[in-house]
Amino acid sequence: MRRAAYVRNRLLLMVFVLFGVTIVIFGMVHFLPGDPAAVLLGDRATAQNIADLHEQLGLNRSMPEQYWMFVSGLVQGQMGTSLAFRQPVNQLVLSRVPISIGLAVYAMVLAAIFTLVFGLLAAANKGGWIDQVIRVVFLLILTTPSFWFGILLILTFSLALHWFPVAGFGTTLPEHLWYLFLPALALGLQLAAVLIRNLRSSVILTMRSDYVRTAHAKGLPERMVLMKHVLRNALMSTVTIFGLQFGYLIAGTLVIETVFAVPGLGQLLFTSITSRDYPVVQSITVVAAVMVIVVNLLVDLSYSFLDPRVTYE
Amino acid sequence: MLTGRRGWFGLFSQVLGAMLLVSACGPNAPTTAPPAATTAPAAGVAATTAPAAAAATTAPATAASNTAPVVLKMARNAEPGIFVPWLIDDNTALFTMGNVYDGLVRVTKDGANLEPALATKWDTSPDGLTWTFTLRPGVKFSDGTPLTSNDVKVSLDLARGGTRTVWKDNYKAIKEIQTPDPSTVKILLNQPHAPLLSELAMFPAWVMQADMAKATEAPGYDDANNWASKGTGAYYTTSWKKGDPVILKRNPNYWKNTPAVDEVDIEYIPDDNTRVLKLQGGEDDVVDFVPFSQLDSLNQQPGVHAMNFPIQQTTFVILNVTKPPLDDKNVRQALNYATDKDAIIKSVFFGQAQVMNAPIPMGTYVDKNSPGYPYNLDKAKSLMAASSVPSGFTLPMVVANNNQDRINTAIILKDEWSKIGVNVDVQQVDSATARAAYHGEGNFNSTPSAWTNDMNDPTEIVNYAMRGGEGSGSFAYWTRYNNPELSAKITAADLEQDPAKREADYVAIQRTYLDDAPLVFIANLGATAAWRDNVKGFTIDGLSYYRFEDVTLNK
């Protein structure tokens, strides 16, 4: 019961947060120097051409009026029309949401696998050569620029081994999984690098707790101690970071999307900012905000599963 | 479950196995041959590269034989915008439209001349005010509708006077267009205008079906409809939405009868390196905008070719001649002499460019003997000493951050110009901000830029870059240069009918402009592309358009 009320309150709060997000993003993007009509028409356009386009696109209306049009459209589920592509923003953005979410989930699944395997392995062998190797390798992965890392993966797995395609997205679901593997791997490994360090130190810390000492004293096998007693408690901070990373993945994967030519939100956001395509920038920001809020809500809810002592006021 | 160390490795090998399983379950990994290509191009189609004869064949091109369609896959660096020729300035859409629409005439592959396209012959009245074009007989749009002079008139009228056109200025010499019969177009001019043919070869004058063209003017018109194109060109499109590859399908009614490739799929791969990797991996047959740094290494690899096609493109630095001390000609000339162009060509363009000596691109009536500004540090220093700022000054330079070549050029210029006491303050901003900077009055001093000719005649660049004051929409390529004497000479050159005199006029104009140096002239650039061995006939013409009508794809 309390949990249901908690969720309801959080969702109500989300509405206020989104409202704030729209104000901030609208203000920011409109106060940037640069004129979308000038970008669209290029250098040959005369002042008259640009003024005409302003009229056509509704850019000559006052700021409050433009803001009101945006928000009222949003409430009705209409995100306006893209200035650069003259297509409804709904189409542009919502068709990419599943792609970005798919890539994010794929990357997080791989990250989770690597984190659990290598994080626990490193913690269990603390100080040993396995631990050292894991930490060094993942430090290298973390510090490698994602751009270069992506190209390295292409050179190895596409050109040399022919296991995966170079770039693109494919047309059927099996093809999507195949095409997205390398970008998800590039993202997942770099995210795992952070998570592994966190899980490792979290596990090591938890291993020092009294109840673990009790479990050892009772003679439980090591793997049972790790999996049943330590892991769930150690995961709390890792899961928090996991949730934050997912939020970043929704629209922050521009570099990987560019290298692997994945038609996701990151790339669309970047090109829209560059061409000052206000409706698209605003809409992607709102969509991303919704997803970040929902994911963080799920993370908060997961705490009570990991630690039954957590309750919701 | 997991027991000790073996258990962990067991889990990890299961993960590795899953990876291999995913890779095996995916469609077959591409090898070196493109997947969809089949046998040699259909025997029925003559893969001729000869220019179209004046008497065109009326029979539609023989369909490909019963094997699977021949599909050429291309990857390029951008996505197109609106698919109507006179509404845009966007190269990607234009390059695509160049394969879908035609004009009355078109540029030859080397960019040097014009050849018949939809018109097979034309003549001019003695006073130069009336041009009569005879349309090629039997031309049909891709849906089978015959081309008539009305289609030409409607398209051209919209290009020169429609509500949405951005190319009005290029066609202001035209007074009226008449259609005495379905295969004749009469263009009446306000005054004699030698560049008319070049303007008709330019993209805003491409011909759409009259109904489709008129529809674009309707208020609230959805431009997505333009993708169901019906042009007279070698290919047509049916639809497109952002994120999808652009699919060009062979036009069975094409008047030139050549396409051997049934379909061209053009996908958007934004990263330069990834595009090249896709070519090397066999996933694409052709790619454009190959980085200059990779041309030589690609040519050394078996199976691929890369080339730098000469096109009418220049790169330079724009100087705001109203901002002291750039208003002092000595300073502008000093900056030119202090620029070691060979060093820039070597570091930024990997040797794949030529020094820019004439102030306009290498095309019609370029000043072939132009002295340019050979690198001469002593001369630069003495000019600075004689200028209004003998001890040097700080020069802000706005650079758009989406073009690495321009950023690198700015960095090198900072070093080179420091030797004459000029301290370049490089300000990297995003491209829209950079554009706002040089469009506006504000603090704009200088910015690196580039220009590609859109037409095969100097009138475009000369009017855009050298004409200042009234009637100048671009403020002389944003330099704010205004030389009324020169502007008068430009007007006279545009009216001149005798080709030899016209050439002399334009050469004189270029000399004056070169001497006034509102730009720092750097290099003539080409356009790069690469393709696999089994692709033949891919070229980029002098105006940087690529055409697929003569391409063949062998297995």
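**View 1. Contact between chain B and chain A.** In this predicted model, 55 residues of chain B are in contact (heavy atoms within 4.5 Å) with 53 residues of chain A. The area buried between the two chains is about 4,900 Å², and carbon and sulfur atoms give 67% of that area. Buried area is the accessible area (1.4 Å probe) that two parts lose on being put together, summed over both.

**View 2. Salt bridge between A:Arg276 and B:Asp430.** Across the interface of chain B and chain A the rule finds one salt bridge, defined as a side-chain nitrogen of Lys or Arg within 4 Å of a carboxyl oxygen of Asp or Glu. In the pair formed by A:Arg276 and B:Asp430, the closest N and O atoms are 2.7 Å apart.

**View 3. The side of chain B that touches chain A.** Elements giving two or more residues to this side include helix H1 (4-25), helix H12 (431-439) and strand S16 (446-452) of chain B. Helices (H or I, at least four residues) and strands (E, at least two) are DSSP runs, numbered from the N terminus. H1(B) provides the largest share, nine residues.

View 4. A:Thr238 lies in helix H10 (residues 222-251) of chain A. This residue is buried (under 20% relative accessible area, 1.4 Å probe, protein chains only), with a relative accessible area of 4%. Leaving aside residues up to four places away in sequence, A:Thr238 touches A:Thr115, A:Leu195, A:Asn198 and A:Leu199.

**Notes.** Residues are numbered from 1 along each chain as its sequence is written, and chains are lettered from A in the order in which they are written. Local features need pLDDT of at least 70, side-chain atom pairs count only at pLDDT 80 or more, and totals for chains, interfaces and linings use all residues, while side-chain values use heavy atoms, with hydrogens and water left out.

Technical notes. Buried < 20%, exposed > 50% of the residue type's maximum accessible area, 1.4 Å probe, protein only.
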